[in-house]
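Good morning, and thank you for coming. Please look at the chain on the screen while I speak about its helices, its sheets and a few of its loops.

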Amino acid sequence: MDTITHSTPITTAKQLLDECWNEGILYVENREIQVTSLFDRSTREYSYSIRSITFRNCIFKKEIAMNAFFLGQNTLETPIDFGMSVFEEKVKFNTEHLIGKFNCIFKNDTSLVSGKFSANHIDLSDAKFNGEVIIATPDKANSESIIEIRGGSFSRFPRFDIKRLLFDFSGTKTSKTRFIGEMNIPVGTEIKNKWSFRDCLFECKVILDDVVFHSGLSFQNTLFESGASFKGTRFENGKFDFQGVTFGNQNEMSEAVFDNAIFNSTVEKKTMSGNGFSTDKSTEYIAKAHFQNANFYSETTFENTTFKDLADFSGATFHRPQTFLKTDLQGTTILSRARFKENLLFTYAKIEGNAIFRHTLFDKGLDLALANITGKLSFFKTEINTFPSQHLKEKTAYDNAVEQQSVIPYENQRETFRIIKDTLYSQNNRIEGLRFRRLELKAFEGELQQEKWSNPDKFINCLNGLSNKHGQDWIRSAWITLALILSFYCLLFVGIDWPYHWDWSGEANEKALTHFIRHLAQFALPTHKITFMEQYNPTPAFYIIDFLARIFIGYGIYQTVAAFRKFGKN
């Protein structure tokens with residue numbers, strides 16, 4: 001910012017008004033100003049009638065102050081304008097009229113304290129602050145005011161009256177608002193009004209640990225070169241927008257830490273990035289994003305987000321449905337000890353690195369069916385069961401379900417369990433794999449609910465589930481087989497002349513029991529001779545019952561053996 005000054009400096013407040021005041025308008029351009037106060041007792045005659053104040057391209061050489069006491073009340077008709085001026089020493093403005101533009105260079109500490117801003121706002125666009133900045137309103141002020149910054153830079157993050165001011169930090173089409181100094185808000189601070197950072201650049205780390213945001217927070221298209229920390233931060237009402245955020249620069253990765261954060265409202269993280277600015281808005285990168293033990297009480301969007309490095313959600317709790325839509329997980333994704341109280345979907349997501357589901361708890365469902373998995377999945381002690389799904393045949397309804405509504409169709413549920421089963425089998429984890437084989441078949445049973453019983457797959461799958469829990473429970477199939485043997489054996493007596501009768505004679509009972517058990521043992525073997533009870537004059541009903549018994553008993557024995565050998569299956 002080059003400033004051309006008049007040859008004659010202004011050394012007193014009276015000289016300032018004598019030379020630059022004209023009928024209520026104070027206009028100063030290209031002058032060097034050496035006064036320490038713009039208005040004092042000697043200028044009261046002029047200052048009480050000033051309607052407009054402009055300092056254009058001026059250089060303020062000394063520490064400068066402007067006090068409302070010597071400025072007429074409610075006389076200014078236009079905002080105070082310090083456009084393109086340079087303040088080489090400290091600046092302190094304490095006035096009710098601080099509503100103008102400050103696209104200036106502040107080389108030292110700056111204090112902007114206002115009595116009231118009414119419905120107006122402070123415009124600090126394109127200003128450059130090299131020292132400490134304090135912007136505040138006195139406790140007596142009741143109104144809220146807007147701080148607007150577009151472009152410019154801060155060597156230290158400004159100190160604000162965070163209870164009363166609304167912040168709007170926005171870059172321009174040609175430059176970003178730069179924050180050179182660390183942004184560290186005190187622990188426990190409760191921010192009532194919305195903070196907005198758009199097209200900004202934080203060169204040092206941003207620390208918002210244990211801060212409570214009540215009305216929203218926006219970091220659209222903002223670059224955090226040294227990372228950001230939101231440990232224990234509570235996001236309450238309002239919208240929290242992280243669209244287009246970048247963590248790190250082209251040469252170095254940085255971290256985004258959300259450990260123990262609590263999200264009680266809508267959070268959007270579309271197009272976040274961590275390896276410099278991305279030219280393609282659908283492809284972004286995040287380096288080492290930490291969400292450990294975070295609580296997401298509202299739906300969080302990671303659409304078109306790329307996690308280039310670590311994405312750590314360990315211990316996090318998602319209270320609402322979560323869909324990673326078109327998310328690119330290039331690094332390690334940790335979901336260990338995470339809990340999902342609603343559905344989790346990886347719809348058209350790409351898993352290139354490792355995804356770890358250790359002791360992950362799913363109260364509802366998981367959908368990996370539409371994920372492009374080229375990396376490695378790890379499941380250990382993952383707690384999940386079959387869950388309610390929907391039958392979706394129509395393409396539009398299906399797309400809306402998996403992309404917008406976080407609904408998992410039955411076929412996706414079955415495919416998800418198949419993916420997990422095959423993953424565990426490939427890692428020689430047969431014990432866990434068998435459990436997911438059963439879940440896969442149970443999901444297939446749900447998928448066949450709308451089919452008629454004439455469908456052979458529906459009948460067979462249902463029968464396998466009832467007989468041995470799809471190969472998992474040999475005791476159930478053994479008991480069922482025993483019940484079948486006894487039931488069909490008793491039915492055989494309908495088609496024969498049984499000569500033995502039970503009475504109170506011990507000898508008769510013993511003889512009847514002996515023949516009963518001997519024939520039962522023969523009958524229990526499906527390959528028994530068809531003439532094993534020929535001496536009792538069998539009827540055609542006998543042979544029909546015997547034929548059916550061989551089929552059911554043989555099936556029961558097979559199911560028992562198959563379940564008993566579940567750990568030795570190929």
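Helix α5 passes helix α6 in a left-handed crossing; a crossing is left-handed if the near helix is turned anticlockwise from the far one by less than a right angle, and right-handed if clockwise. Helices here are DSSP runs of H or I with at least four residues, strands are runs of E with at least two, and both are numbered from the N terminus. The model is a predicted one, in which local features need pLDDT of at least 70 and side-chain atom pairs count only at pLDDT 80 or more, while totals for chains, interfaces and linings use all residues. Residues are numbered from 1 along each chain as its sequence is written, and side-chain values use heavy atoms, with hydrogens and water left out.

Two packed helices are described by the angle between their axes and the distance between the axes. For α5 (430-447) and α6 (residues 456-468), the angle is about 135 degrees and the axes are 10 Å apart. Axes are lines fitted to C-alpha atoms, for helices over the stretch in contact, and angles run from 0 to 180 degrees between N-to-C directions. The two helices are therefore oblique to each other: angles under 35 degrees count as roughly parallel, over 145 as roughly antiparallel, 65 to 115 as roughly perpendicular and the rest as oblique. Which residues meet at this crossing? From α5 they are L441, F444 and E445, and from α6 they are D457, N461 and C462, where contact means heavy atoms within 4.5 Å.

Let us turn to α4. This helix has 17 residues (410-426), and at 1.5 Å a residue it should span 24 Å; its end C-alpha atoms are 24 Å apart, which agrees. The expected span is 1.5 Å times one less than the number of residues. Among the buried residues of α4 are Y410, F417, I420 and L424. Buried means under 20% relative accessible area, exposed over 50%, and partly exposed in between, with a 1.4 Å probe and protein chains only. The cover over the buried residues of α4 includes α3 (395-405), α5 and the strand β49.

β49 also belongs to an open sheet of four strands, in the order β37-β41-β45-β49, with parallel pairing. Two strands pair if DSSP finds at least two bridges between them. At the edges stand β37 (306-307) and β49 (372-373), each with a single partner strand, so one side of each is left without a neighbour in the sheet. Inside the order, two bridges join β41 (residues 328-329) to β45 (residues 350-351), and L329 has I351 as its bridge partner.

Another open sheet has three strands, in the order β1-β2-β4, with mixed pairing. Its edge strands are β1 (21-22) and β4 (52-56), each of which pairs on one side only. Helix α1 (residues 13-20) packs on this sheet, touching β1, β2 and β4, and its direction makes about 100 degrees with that of β2.

Finally, the loops. Most residues other than glycine have a negative phi, and most peptide bonds are trans. What is the phi of S406? It is positive, about 55 degrees, although S406 is not a glycine. S406 lies in the loop between α3 and α4 and is buried, with a relative accessible area of 4%. N30 also has a positive phi of about 55 degrees; N30 sits in the loop between β2 and β3 and is partly exposed, at 24%.
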